[in-house]
Each structure stands twice: as C-alpha cells, then as structure tokens.
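Please walk through the side-chain contacts of this protein with me.

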Amino acid sequence: PPLAVDFPYLFLSLIGVGYLLIGLYTLLKHGEQPGFLFYLWCLASAVFYLLSAVPPLDALYRLVFAGDELARIFLPALTLHLFLVFPAPLPESGRWGRWRGLVPFLYLPAAVLLVLQLDLVLGTRWIFAHPSQAAIGALDRGELYHLMAYALASVVLLAWRLGRGRNWEQQRQLQWVALGLAGGYLPVFLLYVLPPG
C-alpha cells in the first residue's frame with residue numbers, strides 16, 4: 001500500500017516530546033514542589049500527545065489506553081493547580097488563604113471520570129449496567145469538555161496573574177507559560193474538540 005503519513009499525529013507527537021524534554025529539564029534543575037508539579041504536568045501532556053492505543057486488543061493496548069486515559073483525565077486539574085503555584089504561590093493570607101485547602105477538590109471531577117472509565121474497562125457494571133456505544137461516546141465527549149473547561153479556567157487564571165504586578169522575571173515566565181499553553185491546547189481544540197468540517 002502507498003505510504004500514508006499521519007501529519008496531525010506527527011505534529012502532536014513533536015509537541016509531546018517537547019513537553020517531556022522540558023519537564024525532565026525542569027525536574028532536574030528545580031526539584032522542589034512547583035518544579036515537580038510542572039514535571040507531572042509535562043509528563044501528562046507528553047503521554048496525552050504521544051500515546052494512542054491501536055488494535056489488537058492485547059495487554060499492550062490496555063496499558064497504552066490506560067496511560068492515555070490517566071493523562072487525559074488528570075491533565076486539566078494539573079494545569080489549573082500549576083497556575084495556582086507558578087511562578088509564585090498565591091498569598092496565604094487574605095481571601096486566597098481560605099481557598100488553599102480546596103486545591104485537592106480540583107481533582108474531584110477527574111476522580112469521577114476515572115471511576116466511570118474503570119467501570120467500563122474492568123466490566124464491573126456498577127454504573128454502566130449495559131454500556132452502549134452512545135454512553136461510551138458521551139463519556140469520551142465529557143472528558144474533552146472537562147479538559148476544555150479546565151483549560152479555560154486556567155487561561156482566565158493565567159490572564160489574571162499576568163495582569164498583576166510582578167517582577168520582570170516572573171512576568172516573562174508567565175508569558176512563556178501562556179505561549180506554551182496556547183501551543184499545547186490549541187491543537188487539541190482544533191483537532192479533537194471542533195467537529196470535522
């Protein structure tokens with residue numbers, strides 16, 4: 001058969017490798033809490049862009065599918081959490097101090113989606129008694145909408161932080177993060193969320 005190059009996948013793979021390299025560099029250079037959180041975010045982004053499960057339905061397929069789903073489910077919460085602590089954590093005093101205890105709840109929607117996926121994958125049938133193609137499609141769309149809702153919240157938070165008075169180095173870091181966020185989420189939005197025309 002003639003060679004058929006999947007250019008969208010190659011483009012997404014290049015982005016994923018870039019995220020992985022940047023995350024590893026940051027982890028090795030800055031291993032503290034924001035650096036480790038950034039590494040987890042880069043790792044989830046890389047897995048999201050690089051892994052695609054393809055038949056046959058064997059153990060490798062299940063492993064790749066599980067990695068892709070974990071990345072897709074937890075990447076949105078990691079993104080929002082990252083922008084709460086980068087380049088500097090929000091102040092502990094005042095109105096932000098009261099909200100710091102709610103950060104773990106950012107991961108609650110991801111945990112719910114994970115339970116729904118596990119119910120389908122493991123076949124426990126606690127939630128999906130008789131899974132249909134429509135239910136699986138709705139869950140997949142729900143994951144994409146979850147991703148885009150958190151991405152929008154992250155953009156709003158990032159824009160708010162860019163508008164706040166910070167030193168020059170933190171402003172430049174936030175601008176690079178904004179550029180990386182646009183470079184990462186825009187292809188996902190264009191290739192996965194928008195319906196094909």
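Tyrosine 61 and phenylalanine 65 are four residues apart in helix 3, so about one helical turn separates them. Helices here are DSSP runs of H or I with at least four residues, and they are numbered from the N terminus. The model is a predicted one, in which local features need pLDDT of at least 70 and side-chain atom pairs count only at pLDDT 80 or more, while totals for chains, interfaces and linings use all residues. Residues are numbered from 1 along each chain as its sequence is written, and side-chain values use heavy atoms, with hydrogens and water left out.

A pair of aromatic rings is described by the distance of the centres and the angle of the planes. Rings of Phe, Tyr and Trp (its six-membered ring) count as a pair if their centres lie within 6.5 Å; planes under 30 degrees apart are stacked, over 60 edge-to-face, and the rest tilted. For tyrosine 61 and phenylalanine 65, the centres are 6.4 Å apart and the planes are at 5°, so this pair is stacked. Tyrosine 61 has a relative accessible area of 21% and is therefore partly exposed; buried means under 20% relative accessible area, exposed over 50%, and partly exposed in between, with a 1.4 Å probe and protein chains only. Phenylalanine 65, at 26% relative accessibility, also falls in the partly exposed class.

The structure holds six aromatic pairs. One of them joins tyrosine 19 and tryptophan 41: because their ring centres are 5.2 Å apart and their planes at 80°, the pair is edge-to-face. This pair links distant parts of the chain, with tyrosine 19 in helix 1 (residues 7–29) and tryptophan 41 in helix 2 (residues 33–50), 22 residues apart. Tyrosine 19 is buried at 10% relative accessibility, and tryptophan 41 is buried at 6%. Tyr19 and Trp41 also belong to a cluster in which ring pairs link Tyr19, Phe38, Trp41, Phe48 and Tyr49.

Now to the charged side chains. Which residues are linked in a network of salt bridges? They are Asp68, Arg72, Asp140 and Glu143. A salt bridge is a side-chain nitrogen of Lys or Arg within 4 Å of a carboxyl oxygen of Asp or Glu, and by this rule the count comes to three.

Arginine 72 bridges to aspartate 68, with the closest N and O atoms 3.9 Å apart. Both residues lie in helix 3 (residues 59–85), four residues apart, about one turn of the helix. Arginine 72 is buried, at 13% relative accessibility, and aspartate 68 is buried at 10%.

Arginine 72 also forms a salt bridge with aspartate 140, where the closest N and O atoms are 2.7 Å apart. That bridge links distant parts of the chain, from arginine 72 in helix 3 to aspartate 140 in helix 6 (residues 133–163), 68 residues apart. Aspartate 140 is partly exposed, at 33% relative accessibility.

Arginine 72 and glutamate 143 meet in a salt bridge as well, at 3.9 Å from N to O. Here too distant parts of the chain are linked, since arginine 72 is in helix 3 and glutamate 143 in helix 6, 71 residues apart. Glutamate 143 is buried, with a relative accessible area of 1%.

Note on methods. Helices (H or I, at least four residues) and strands (E, at least two) are DSSP runs, numbered from the N terminus.
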